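Subject: Structure handover

Hello,

Here is the structure I promised to pass on. Please open it first, then read my notes below.

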Amino acid sequence: MKDAFGAPQSLLVLGGTSEIGLATARRLIARRTRTVWLAGRPSPALTAAADSLRALGADVRTVPFDALDTEAHEERLGKIFTEGDIDMVLLAFGVLGDQARDESDPVAAVRVAQTNYTGAVSAGLVCAGALQAQGHGSLVVLSSVAGERARRADFIYGSSKAGLDAFAQGLGDALHGTGVHVMVVRPGFVRSKMTAGLAEAPLATTPEAVAGAIELGLRRRSETVWVPGALRVVMAAVRHVPRPLFRRLPM
């Protein structure tokens, strides 16, 4: 397999300006990745991201992609696979939203849900089908610990990630035995532009640390990766906290 030992030769990042996506691309380019596709809305940021990876020696191409434009996903993402096999797809797009605002603005709340869940279902199925057709590859889906249990502070975002997580797990089961590997990544609070200005949660991590965990998970053919690993134990306990007590926890 071309993507053996967690070192794919070709990579497609859905969410081409994602800090985690770019950190992962840099890490994989340092190993053996030579072709990178960055899919995202055309912007100076996407151009700069592509240039930064080219400087590392990779052949980098960009493709217009909007999570909300689901009718265009099959055509635009399908064309990428006609250019050659893709060893790894990293589904890295998503929006945090503004919980306080979104609770009183249903349109904004729906946009969070459509981006994080509906858009991911569409793009995920398109890429999964293409990976299955070529007979190999990994689909890595960035979920979140926020999806483990809805919290008062971010239940709109958390519920969208819960849906994405369940979808990705089911997709992994559906593709078991086909040669396609699906891995769900559940980071905690990640220090990034998305979370700038927010109070930092315990066990906070970085895009680079998430990238390292993704690479290790690929080598191990893991199905679920927690970042940091201690969150697996923490969330196992949180899931069983009685609801009246859970409401009062400073989370």
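**The strands and the sheet**

S4 and strand S5 (residues 137-142) pair in the parallel sense, over four bridges. Strands here are DSSP runs of E with at least two residues, helices are runs of H or I with at least four, and both are numbered from the N terminus. Two strands pair if DSSP finds at least two bridges between them.

Two notes on the source. This is a predicted model, where local features need pLDDT of at least 70, side-chain atom pairs count only at pLDDT 80 or more, and totals for chains, interfaces and linings use all residues. Residues are numbered from 1 along each chain as its sequence is written, and side-chain values use heavy atoms, with hydrogens and water left out.

Back to the strands. Leu-90 has Val-140 as its bridge partner in S5. On the S1 side, S4 pairs with strand S1 (residues 10-14), again parallel and over four bridges. There, Leu-11 is partnered by Met-88 of S4.

Which way do the side chains of S4 (residues 88-91) point? Met-88 and Leu-90 point one way, Val-89 and Leu-91 the other way, and all are buried. Buried means under 20% relative accessible area, exposed means over 50%, and partly exposed is in between (1.4 Å probe, protein chains only).

S5 also runs parallel to strand S6 (residues 180-187), joined by six bridges. Ser-138 has His-181 as its bridge partner in S6.

Now the whole sheet. Seven strands form an open sheet in the order S3-S2-S1-S4-S5-S6-S7, with parallel pairing. S3 and strand S7 (224-227) stand at the edges with a single partner strand each, so one side of each is left without a neighbour in the sheet. The twist averages 15 degrees from one strand to the next.

**Helix packing**

Helix H5 (residues 106-134) packs on helix H6 (residues 155-175) at an angle of about 15 degrees, with the axes 9 Å apart. Axes are lines fitted to C-alpha atoms, for helices over the stretch in contact, and angles run from 0 to 180 degrees between N-to-C directions. H5 and H6 are therefore roughly parallel to each other. The cut-offs are under 35 degrees for roughly parallel, over 145 for roughly antiparallel, 65 to 115 for roughly perpendicular, and oblique for the rest.

Helix H1 (residues 19-29) and helix H7 (residues 207-220) pack at about 55 degrees, with their axes 8 Å apart. That makes H1 oblique to H7.

**Aromatic rings**

How many aromatic pairs does a search of the whole structure find? One. Phe-65 and Phe-93 form a tilted pair, 5.5 Å centre to centre with 50 degrees between the planes. Rings of Phe, Tyr and Trp (its six-membered ring) pair if their centres lie within 6.5 Å; planes under 30 degrees apart count as stacked, over 60 as edge-to-face and the rest as tilted. Phe-65 lies in the loop between strand S3 (59-64) and helix H3 (73-82), and Phe-93 in the loop between S4 and helix H4 (99-103), so the pair ties together parts that are 28 residues apart in sequence. Both Phe-65 and Phe-93 are buried.

**Two backbone details**

Val-227 and Pro-228 are joined by a cis peptide bond, with omega about -5 degrees. Pro-228 lies in the loop between S7 and helix H8 (231-238).

Arg-221 is in the loop between H7 and S7. Its phi is near 55 degrees, a positive value in a residue other than glycine. Arg-221 counts as partly exposed, at 36% relative accessibility.

Best wishes
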